[in-house]
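Here is a short briefing on a predicted model.

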Amino acid sequence: MENYLNENFGGVKPKNSSEEALRRWRKLCSVVKNPKRRFRFTANLSKRSEAEAMKRTNHEKIKVALLVSKAALQFIDAGLSGSTDYEVPEEVKACGFGISADELASMVEDHSLKKLRAHGGIEGISEKLSTSITDGINADEESLKHRQNVYGLNRFVEKPLRGFWVYVWEALQDTTLMILAVCAAVSLAVGISTEGWPKGAYDGLGIVLSILLVVFVTAISDYRQSLQFKDLDREKKKISIQVTRNGYRQKISIYDLVVGDLVHLSIGDQVPADGLFVSGFSLLINESSLTGESEPVTVNKEKPFFLSGTKVQDGSGKMLVTTVGMRTGWGKLMATLSEGGEDETPLQVKLNGVATIIGKIGLFFAIITFLVLTKGLIDRKIISGQYTSWSGDNFIEILEFFAIAVTIVVVAVPEGLPLAVTLSLAFAMKKMMHDRSLVRHLAACETMGSATCICSDKTGTLTTNHMTVVKLFICGNAKEIQNAEQAKKVRKETSEHVSKMLMQSIFQNTSGEVVMDRDGRRDCIGSPTEAALLEFGLMLGGDFGGLRKESTIIKVEPFNSHRKTMAVLLELSGGRYQCHCKGAAEIILNMCDKVLDSTGQAVPLDELTMNSLMNVIEGFANEALRTLCLAYMDIGDNFNPQNSLPGHGYTFIAIVGIKDPVRPGVKDAVQICKAAGITVRMVTGDNINTAKAIARECGILTDDGLAIEGSDFRGKSLEEMRTLIPKIQVMARSSPLDKHTLVKHLRTMLGEVVAVTGDGTNDAPALHEADIGLAMGIAGTEVAKESADVIILDDNFSTIVTVAKWGRSVYINIQKFVQFQLTVNVVALIVNFSSACVTGTTPLTAVQLLWVNLIMDTLGALALATEPPHNDLMKRQPVGRGQSFISNVMWRNIFGQVVYQLSVMWTLQVEGKKLFKLDGPNEDLVLNTLIFNSFVFCQVFNEISSREMEKLNVFHDILRNWVFIAVLSSTVVFQVIIIEFLGSLANTTPLSWNQWLGSILIGLFSMPVAMLVKKIPVSLNRQVESKLKFE
């Protein structure tokens, strides 16, 4: 079976599957009872193709419109002055605004500089919107409400949630249930006409009620799943943005954004609305989501228009929001697109294959069963000489035979197998939200259980990301900085010129800000590194606002992971230019040719001093400190700001040592990964000595492990890499390309299942390449999050281990359910088929088989596919690529239960009357009821045994899973009701206490049988370290 599945259903990957592979497996699913339900959680390829075609058309329209409008308006703007006869609508005036939503939307959408000038430029627009380009809007409740009424909400049209009755209707689309409904209708008509009401209606009503029970339980389960996915989808769309309101910078949801808001944008952000450029440096915007063009667009005072849905590729700046929600180009684009759904997971596809194989077998046996039963009736008529005389009872009997055959198909086609994957994933995804991880793609939850390698960032993932400056090397001396007093002492001991250059470098060359909060306290805004430097500058006694006013920032080259530097060009009084640069210590040091001495004089940086400074950097790094070097350069007054900033000739100011402590629990989490067969590798942009010190502290770097720099790694040949990569435990000073290359070779050369973390825009290729991309929820950019499969909401490495545990739990839970369902499938099929062939009758009727189908399908999935994870899961080796899903252990357990249950059922069929001393007119009905009751209790206790496939103790933590307890309890209660009170409808009769006890004991005995079977050794598909013992 596994070879057939791999050959025909194995082409689908966890991500980026080809359309050909997705179409191929669909064609092979020939026996499908309910396509609408079966394929609900698979990609709608035809709708997806339509969406892609529509998207391309919209891209072309938007691109052409933008090009035409820009060209036309350049011509118009060149010849016309900024005047307009625009009239403000009365309803807009009444709310205190001077421009309408439509006017703003057309201005930005058309990139109309003429309209912008006519309204007084950015200052005029801000005045008409009653906002400030420095302090933002007045954010009282009434003002916000007015803005939302006039300009709209920043929300897009969402597909309405389907109601419960839609799922009821879809559940009724099951072909076999529809055939059974027709059988029930005919049975009712014939039964009532021949036997009268109510006796003649019992058989038909029994089938009708069973169908309704199956339909409503299925619909409730599906509806609950849809609500879970809706909640998760809502979480995925939660994006926060930095704004200034009432003069204070704060973080809000993009959905709370209103026209007039002052938004702060930086690398990796998604532009949350249409707007106008207020201020900023080196802003490059990727508009490919709107126009399809990959070439970034520069936004500045000359080209001031931002479009919603685009991404900040480089630089930073401030934007005034002018248009929100469905009035933006992005909103209009979203309204025209219909999503094609998410790709199905490999496990879903494989289980569709299993369902198809078993469905074909079931269909074959169902046809044979019907023919055998019908032949038996004809033979009886011939023997009795009544073959020419056919009554209504005979037709009802044939109808019952047909209903039994159809019901065998109902039971035999395990429609619930692929849906169990979705149920388990939905349950896991919701629970993982509580464990601080958001799964964006279903397949990631499944794949994470097979992860063999985690490539983790250092900063913020293994460390706390709460940074503080603890050491400073300046003017030839290393200083400890533990508090404000020590910092001020350092400033007193440093010459005025050096102190000034240090302050300039800290406060001018930064992407952060020092702001006042509502309580009047100073707050450092920006990345953890920037915040640490700004906090240090304040400890030194610096004045952020005052220093920024002393000079004008002309140009900024923001920090990115390629350069590992940030530089700023200042215009000083008198028109002179000065450049400040900071970044990776050894990189900045190599850009310097002078150093400030203790008197503040710039002296040549000789080899001896260079070696001394390199030793300082190494010393700081060995103490697990992040090292940054600060430098400056006087350029004079003849520099052209349009040119790139200098790459050498700087004067060294200081080396800063920043402490970023290792997160509590990381070392334990790394040890758990090692025990689980998962290799942890650190990939960081930091200094190699810092990386090694942190890696040793975390337990990542061992004596036989290798730490390497990105520059050395990328210089290796493929053969060298093949030997080198398995030994790599730390990669320092790595670029995004190095991370991508490492991930690619781990997957392709070594067959590893790789999870990789990322937070920056440039991490997107590695996140996309990995089997599981993990983006950081706090430090991560929107670009990184969009490329990721899972978002780690607390940026904590321990949470990644929890995700791996949940992934393993999902995989094991689905295996448990498959084992349970295949057992019921095989037993029910063989019992009814063999009994029909040997005795001419079947012990399990259509109504009873529908109840069994409900137990093993929807209820079974609820019970077994929602088991919470336990710590023992991380004591197993991971399931690698290409290993069989239905393992030898599962086949062993299935075979053991099938043999026991078939033996019991046949013993009851042959010797049941003697064993239970049955006689009288109802003995056949009592016996069939006993067989049915024993069969159901075999499944109840087999469900308990299926909680553990290898361990003997199946009761461990059983009370933690209230769903399992609820399903088991409701199954038993409803079974009692069926036997004792619904006999006329379900073809059963009340049983005595002895018979009840016998049925339960027969079911209960399946548990020790399961324990004995687990003792039988099998060749494992994978190595499992947990011992098979009663714990």
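Valine 824 lies in helix α32, which spans residues 797–839. Its relative accessible area is 0%, so valine 824 is buried. Glutamine 939 sits in helix α35, residues 923–945.

**Valine 824 and its surroundings**
- Beyond neighbours within four places in sequence, valine 824 is in contact with Val852, Met856, Phe935 and Gln939.
- One of these contacts, Gln939, is 115 residues away in sequence.
- In space, the C-alpha atoms of valine 824 and glutamine 939 are 7.1 Å apart.

- Glutamine 939 has a relative accessibility of 1%. The cut-off for buried is under 20%, so glutamine 939 counts as buried.
- Its contacts are Phe820, Val824 and Gln901, with residues up to four places away in sequence not counted.

**The eight-stranded sheet**
- Eight strands form an open sheet with mixed pairing. Their order is β8-β26-β25-β24-β9-β21-β23-β22.
- Strands β8 (437–439) and β22 (706–709) are the edges, and each pairs on one side only.
- From one strand to the next, the twist averages 20 degrees.

**Strands β21 and β23**
- Strand β21 covers residues 679–683, and strand β23 covers residues 728–732.
- The two strands run parallel and are joined by two bridges.
- Methionine 682 has valine 730 in β23 as its bridge partner.

Conventions. Residues are numbered from 1 along each chain as its sequence is written. This is a predicted model: local features need pLDDT of at least 70, side-chain atom pairs count only at pLDDT 80 or more; totals for chains, interfaces and linings use all residues. Side-chain values use heavy atoms; hydrogens and water are left out. Helices (H or I, at least four residues) and strands (E, at least two) are DSSP runs, numbered from the N terminus. Buried means under 20% relative accessible area, exposed over 50%, partly exposed in between (1.4 Å probe, protein chains only). Contact means heavy atoms within 4.5 Å. Two strands pair if DSSP finds at least two bridges between them. Axes are lines fitted to C-alpha atoms, for helices over the stretch in contact, and angles run from 0 to 180 degrees between N-to-C directions.
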